[in-house]
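Visitor: Hi, I'm new to this one. Can you put it up and walk me through it?

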Amino acid sequence: MPVTPNTDAYAILGYAVVIIILAALVAYLVWKQRKLTSERAELEQLERESKQK
Amino acid sequence: MAVASMDAAIQHKLPKLDYAVSRSRILNVLTWLTGLGFVVTLFLALFYAGTDVTQGNVQRVFYMHVGSFSGGATAFFVTVIAGIAYLRTRDPKWDRLAVSSVEVGFPLMLITLATGSVWARPIWNTWWTGDPRLNSMAVMMLLYAAYLTLRGAIDDPERRARFASVYGILAFISVYYVFIVIRTRSDTLHPVVIGDSPVESSAEGKPNLDVAMIITMSVASAWWMLAAITLLWHRVRTENIAEHVRSIKARLLDQ
């Protein structure tokens, strides 16, 4: 197999793909967990208020 | 009385509202370990392992390519375990674990597919070719994408969980096939990075791994498996909160 010419750009692209997909996954998890936690707190508050009534 | 016992049964099936302190602590430690492991893996892959004489720096993509497959396969294997556990116990927590593991495994496998394509461009001179490994990988991705889509099409939670359990168990056959296809088929171009290949002469781009490269490959694979477990744990936690939100909404609507 002949020696491949400069492949640095593809290496950078490969690692960029890894970091972008991982970052998107982590960001999605953080966003969803925060959204649900605040929604749960609001609903619990609503539930408490309706019980008091 | 009957209503009270039903309520108790429902409560029993729901996830605990707040995680035990010890469990949160383990997850925190695991998260920090995963973050630290990522830095170590990147250091090994980019600086410790030597540059492949033939392929140049693009060979370093293989550490992520092989590793992310290990992580994705770990997550999909959890789907199988969760599916079997659900079919045996009918406990919804196993269904939540199953869907969470697919949602984590899918992006990891997407990384495998994308990094493979990036590597193939300079080595095979194409982004994609009709190779048995590549095609089987694409089929596997479609099967798991269908898992997520089809779940949304079933309204009854019990039926959805039962269907998803069976589907998740059967879909893992595709993961196993992707793993063995380059070790059994004679018409593939894809190299076997670790281990022997029946088509060594026709495989294109097999790196010659020295000790530093093997260490890096092993650490990278271990890290990806750890990352899969950590992400999965966080995803299950989110799913448990979502289940609570649904149950509170149902209670409020009943009032």
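This is a predicted model: local features need pLDDT of at least 70, side-chain atom pairs count only at pLDDT 80 or more; totals for chains, interfaces and linings use all residues.

Visitor: Which side chain does Lys249(B) meet in a salt bridge?

Guide: Lys249(B) pairs with Glu39(A), at 2.9 Å from N to O. That pair crosses between chains, going from helix H7 of chain B to helix H1 of chain A. Helices are DSSP runs (H or I, at least four residues; strands are E, at least two), numbered from the N terminus.

Visitor: Is Lys249(B) buried, exposed or partly exposed?

Guide: Lys249(B) is partly exposed, at 37% relative accessibility. Glu39(A) counts as partly exposed too, at 21%. Buried means under 20% relative accessible area, exposed over 50%, and partly exposed in between (1.4 Å probe, protein chains only).

Visitor: And what does Arg235(B) pair with?

Guide: Arg235(B) meets Glu103(B) in a salt bridge, 2.5 Å from N to O. Arg235(B) sits in helix H7 of chain B and Glu103(B) in helix H4 of chain B, so this pair ties together parts 132 residues apart in sequence. Arg235(B) is buried at 2% relative accessibility, while Glu103(B) is partly exposed at 24%.

Visitor: Where does Glu239(B) lie?

Guide: Glu239(B) is in helix H7 of chain B with Arg235(B), four residues apart, about one turn of the helix. These two form a salt bridge as well, with their closest N and O atoms 3.0 Å apart. Salt bridges with shared partners link Glu103(B), Arg235(B), Glu239(B), Glu243(B) and Arg246(B) into one network.

Visitor: New topic: which residues touch the most other members in the largest nonpolar core?

Guide: Leu22(A), Tyr63(B), Trp119(B) and Trp224(B) do, out of 33 residues in that core. A nonpolar core is a set of buried Ala, Val, Leu, Ile, Met, Phe, Trp, Tyr and Cys residues joined through side-chain atoms within 4.5 Å. H7(B) gives the largest share, eight residues.

Visitor: What is Leu22(A) in contact with?

Guide: Setting aside neighbours within four places in sequence, Leu22(A) contacts Phe38(B), Leu108(B), Ile111(B), Trp223(B) and Trp224(B). Contact means heavy atoms within 4.5 Å.

Visitor: How many helices and strands are in chain B?

Guide: Chain B has seven helices and zero strands. Of its 255 residues, 49% count as buried.

Visitor: What pLDDT does chain B average?

Guide: Chain B averages 87, and 86% of the residues score at least 70. pLDDT is the predictor's confidence in each residue, from 0 to 100.

Visitor: What ipTM does the complex get?

Guide: The predictor gives the complex an ipTM of 0.84, along with a pTM of 0.85.

Methods
Residues are numbered from 1 along each chain as its sequence is written. Chains are lettered from A and ligands numbered from 1 in the order in which they are written. Side-chain values use heavy atoms; hydrogens and water are left out. A salt bridge is a side-chain nitrogen of Lys or Arg within 4 Å of a carboxyl oxygen of Asp or Glu.
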